[in-house]
Amino acid sequence: EKGGYDFYMLKEIAEQPQAVAATLLTRMPDLDFSGVQKVIIVACGTAYHAGMIAGYAIEQWARIGCDVELASEFRYRDPLIDEGTLVIAISQSGETMDTLMALRHAKAQGARVLAICNTNGSTIPRESDAVLYTHGGPEIAVASTKAFLTQLVACYLVGLRLAAARGLSAPGVQEALRAVPDQLRTLLESSGAIRELAYDLATARQVLFLGRHVGYPVALEGALKLKELAYMHAEGFAAGELKHGPIALIDEGTPVICVVPAPTDALHDKMVSNIQEVRARGARTIVIAEQGDEAVAPFADAVIPVPATPALLAPLLTTVPMQILACETAAARGHDVDQPRNLAKSVTVE
Ligand code: M6R
């Protein structure tokens, strides 16, 4: 059943190229995007991280304000919603109670709701005005991997559609998306080196993750994966926040996993100097950077190269080393990767 892999999670990580390719072919639902003036995204856990990344894309491509909310918080708020508000609920299972309640809360106030979901006929799509199904196939491991990548693809497609509805375009993005499945294959073929790093991580007292812009939710996602699978203290930070507190956590040998934007990106040099800062305080830096990025080498104890893609799409690639790191670190610590303690695949209670 596990197709020769030790864990469902490894099988599902390996399925990501085809899951992304299939989701790229998804038909956009029949929903009028032209009157949308504001977007609110609601989700939990990993799906919330996908929503955060969607927020950057929708703002940049469609020039529409986008709030991204934890469903468990949103459902108890008194949000500003009108007919021009599109609420997007993201859920792999389609059964997450908090996300469902957030959706009902939004609908009761007159919002239109679009679901992004991986499970046909589940409750969240049934109660939404429209649904965009991701084509990840069944996800068995508790830790979400291929569902996350396909949620991202669906979010990007919605972002492009919202942009088109306003007469805007995002040059080069469609082509770049089409290249991602092959880039994922390349990345997965060279994942052996990541496994080696996991053996060292397994004995760390804590692991920190840093990123900027879309690299920030990727850092949060990396930390969440390590918490849930390896039961280690792991935190993700926006790298610009370091000096406002988190840098005090760093001592000799603390592993810090850094997500670096492409060398052509305006934030690249900022991130490199953040890496220098943590290294100067004793951190052991594991750097996820674009292939051929020479600038990171002097400050990196290890570099994980990823193929080049436009900045907003980078999470489709930079997340994958995080998934493998968490999976292998948990395995090295002797944990049941597919069934972590205290967790359920779908959280149908509050
Ligand atoms: O089924 P959903 O996408 O609504 O689930 C949301 C979260 O419970 C889920 O992403 C959770 O955080 C995963 N275990 C993360 O790996």
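Five strands form an open sheet with parallel pairing, in the order S7-S6-S8-S9-S10. The model is predicted: local features need pLDDT of at least 70, side-chain atom pairs count only at pLDDT 80 or more, and totals for chains, interfaces and linings use all residues. Residues are numbered from 1 along each chain as its sequence is written, and side-chain values use heavy atoms, with hydrogens and water left out. Helices (H or I, at least four residues) and strands (E, at least two) are DSSP runs, numbered from the N terminus. Two strands pair if DSSP finds at least two bridges between them.

Axes are lines fitted to C-alpha atoms, for helices over the stretch in contact, and angles run from 0 to 180 degrees between N-to-C directions. Strand S6 (residues 206–211) and strand S8 (residues 255–259) run parallel and are joined by three bridges. Phe 209 has Ile 257 in S8 as its bridge partner.

Helix H10 lies across S6, S7 and S8 and runs at about 175° to S7. Lys 225 has its place in this helix, which covers residues 215–230. With a relative accessibility of 1%, Lys 225 counts as buried; the term buried means under 20% relative accessible area, exposed means over 50%, and partly exposed lies in between (1.4 Å probe, protein chains only). Not counting residues up to four places away in sequence, Lys 225 touches Met 9, Thr 46, Ala 143, Ser 144, Thr 145, Ala 230 and Ala 326, where contact means heavy atoms within 4.5 Å.

Thr 254 belongs to the loop between S7 and S8. Its relative accessibility of 4% places Thr 254 among the buried residues. Leaving aside neighbours within four places in sequence, Thr 254 is in contact with Gln 206, Leu 208, Leu 249, Gly 282, Ala 283 and Arg 284. Thr 254 and Phe 237 are 17 residues apart along the chain, and their C-alpha atoms are separated by 15 Å.

**The sheet S2-S1-S3-S4-S5**

Another open sheet consists of five strands in the order S2-S1-S3-S4-S5, with parallel pairing. S2 and strand S5 (130–133) stand at its edges; each has a single partner strand, so one side of each is left without a neighbour in the sheet. On average, and with direction ignored, neighbouring strands of this sheet are turned by 20° against each other. Five bridges connect strand S1 (residues 38–43) with strand S3 (residues 85–91), and the two run parallel. Val 39 has Leu 86 as its bridge partner in S3.

H3 packs on this sheet, where it touches S1, S2 and S3, and its direction makes about 170° with that of S2. Helix H7 (residues 146–165) lies across S1, S3, strand S4 (112–117) and S5, at about 145° to S4. At 1.5 Å a residue, the 18 residues of helix H3 (residues 45–62) should span 26 Å, and the end C-alpha atoms are 25 Å apart, which agrees; the expected span is 1.5 Å times one less than the number of residues. H3 is mostly covered, with 14 of its 18 residues buried.

Helix H2 (residues 16–24) packs with helix H8 (residues 173–189) at an angle of about 175°, and their axes are 8 Å apart. This makes H2 roughly antiparallel to H8, a term for angles over 145 degrees, whereas under 35 counts as roughly parallel, 65 to 115 as roughly perpendicular and the rest as oblique. H2 contributes Gln 16, Pro 17, Gln 18, Val 20, Ala 21 and Leu 24 to the contact, and H8 contributes Leu 177, Arg 178, Val 180, Pro 181, Leu 184, Arg 185 and Leu 188. The residues of this contact divide into nine nonpolar, two polar and two charged. Ala, Val, Leu, Ile, Met, Phe, Trp, Tyr, Cys and Pro count as nonpolar, Asp, Glu, Lys and Arg as charged, and the others, Gly among them, as polar.
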